[in-house]
Amino acid sequence: IIANKPRLVVMNKYDLADSSITDRWIDWYAQNGRKVIPISCATGKGVNKIAPAARELVREKLERAEQKGMNINVKIMMVGIPNVGKSTLINKLTGKANAKTGDRPGVTRTKQWIRLKDGLELLDTPGILPPKFEDQSVAVNLAYTGAIRDEIMEVELLAYSLLEYMRDNYQAQLCERYKLGDINNLAGHEILELIGRKRGCVISGGEIDTERAANILLDELRSSKICRITLEKPEDKHEI
């Protein structure tokens with residue numbers, strides 16, 4: 001899709017991520033020759049840096065056109081996985097509701113050109129995912145964030161693996177949020193049952209409604225009510 005075109009990496013929802021790991025990601029991309037701008041569409045922070053950075057990437061082309069007496073627009077294609085806030089970002093850039101938004105993947109269905117300020121034109125595209133994941137951990141991480149529909153993945157199994165990741169990486173924050181004790185020796189399903197009991201997800205017979213507890217966990221993860229969390233680190237193997 002991108003071929004040899006200049007590329008600007010925009011990290012939306014950075015306010016939901018572990019800031020120390022975000023800084024490491026920015027350094028990693030820089031070492032690989034990629035310009036990165038962390039932003040938050042919720043607060044608007046960083047959004048005003050995008051247009052100048054896009055123009056800088058094609059500055060030489062614009063200067064050559066100006067020398068020839070030509071006035072050309074900068075055309076930008078926005079590409080990303082579902083549910084990362086592409087449409088919300090477009091609306092922030094234009095200052096009006098040009099693109100339909102929603103708190104779920106797959107809201108944008110078609111491509112559309114949108115005119116921005118200062119001679120910029122932006123092509124909004126639907127979110128895309130690879131047709132097949134060679135590494136299933138990538139699919140699981142995407143499902144945690146809501147980039148893959150919850151109907152496709154079993155939410156309880158997702159919750160089990162997420163809780164084991166948080167037990168090993170964000171245990172203090174997890175225990176504080178759900179008032180848990182020592183969970184070092186507990187498996188994901190055991191931690192989910194504890195959370196379900198704490199949150200009143202009890203059904204007849206005293207059993208725990210683990211599906212309801214799993215949905216609570218995923219909702220609170222995605223809204224950053226538990227803590228700022230990052231699921232991948234630069235030292236993991238990645239392509240850019």
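## Basis of the model

Residues are numbered from 1 along each chain as its sequence is written, and side-chain values use heavy atoms, with hydrogens and water left out. As the model is predicted, local features need pLDDT of at least 70 and side-chain atom pairs count only at pLDDT 80 or more, while totals for chains, interfaces and linings use all residues.

## Overall architecture

The chain has nine helices and five strands; helices (H or I, at least four residues) and strands (E, at least two) are DSSP runs, numbered from the N terminus. In order from the N terminus, the elements run β-α-β-α-α-β-α-β-β-α-α-α-α-α. Along the principal axes, the C-alpha atoms fill a box of roughly 80 × 35 × 35 Å.

Of the 240 residues in the chain, 39% are buried (buried means under 20% relative accessible area, exposed over 50%, partly exposed in between, with a 1.4 Å probe and protein chains only). The chain exposes about 14,500 Å², of which carbon and sulfur atoms supply 48%; accessible areas come from the Shrake-Rupley method with a 1.4 Å probe, and for residues only the protein chains shown count as cover. Among contacts with a separation of 6 or more, 58% are between residues 24 or more positions apart, where contact means heavy atoms within 4.5 Å.

## Helix 5 and helix 6

Helix 5 (residues 136–145) packs with helix 6 (residues 155–169) at an angle of about 100 degrees, and their axes are 10 Å apart. That angle makes helix 5 roughly perpendicular to helix 6. Axes are lines fitted to C-alpha atoms, for helices over the stretch in contact, and angles run from 0 to 180 degrees between N-to-C directions; angles under 35 degrees count as roughly parallel, over 145 as roughly antiparallel, 65 to 115 as roughly perpendicular and the rest as oblique.

At this contact, Val-140, Ala-143 and Tyr-144 of helix 5 meet Leu-158, Ser-161 and Leu-162 of helix 6. By class, the contact has five nonpolar, one polar and no charged residues (Ala, Val, Leu, Ile, Met, Phe, Trp, Tyr, Cys and Pro count as nonpolar, Asp, Glu, Lys and Arg as charged, and the others, Gly among them, as polar). The buried residues of helix 5 are Ala-139, Asn-141, Leu-142, Ala-143 and Tyr-144, and they pack against helix 6 and helix 9. Just after helix 5, Gly-146 adopts a positive phi of about 95 degrees.

## Asn-12 and its surroundings

Asn-12 is placed in the loop between strand 1 (8–11) and helix 1 (19–31). A polar atom of the Asn-12 side chain lies 2.7 Å from the backbone oxygen of Val-84. Not counting residues up to four places away in sequence, Asn-12 touches Ile-39, Ser-40, Cys-41, Val-84 and Gly-85.

Most residues other than glycine have a negative phi. Asn-83, in the loop between strand 3 (74–78) and helix 4 (86–94), has a positive phi near 65 degrees. With 17% relative accessibility, Asn-83 counts as buried. Ser-224, in the segment after helix 9 (210–222), has a positive phi near 60 degrees.

Ile-21 is found in helix 1 and is buried, with a relative accessible area of 4%. Leaving aside neighbours within four places in sequence, Ile-21 is in contact with Tyr-170, Thr-230, Glu-232, Lys-233 and Pro-234. Ile-21 and Pro-234 are 213 residues apart along the chain, yet their C-alpha atoms are separated by 8.1 Å.

Methods. A polar contact is a pair of N or O atoms within 3.5 Å; within protein, one must be able to donate a hydrogen and the other to accept it, and residues adjacent in sequence count only if both atoms are side-chain atoms.
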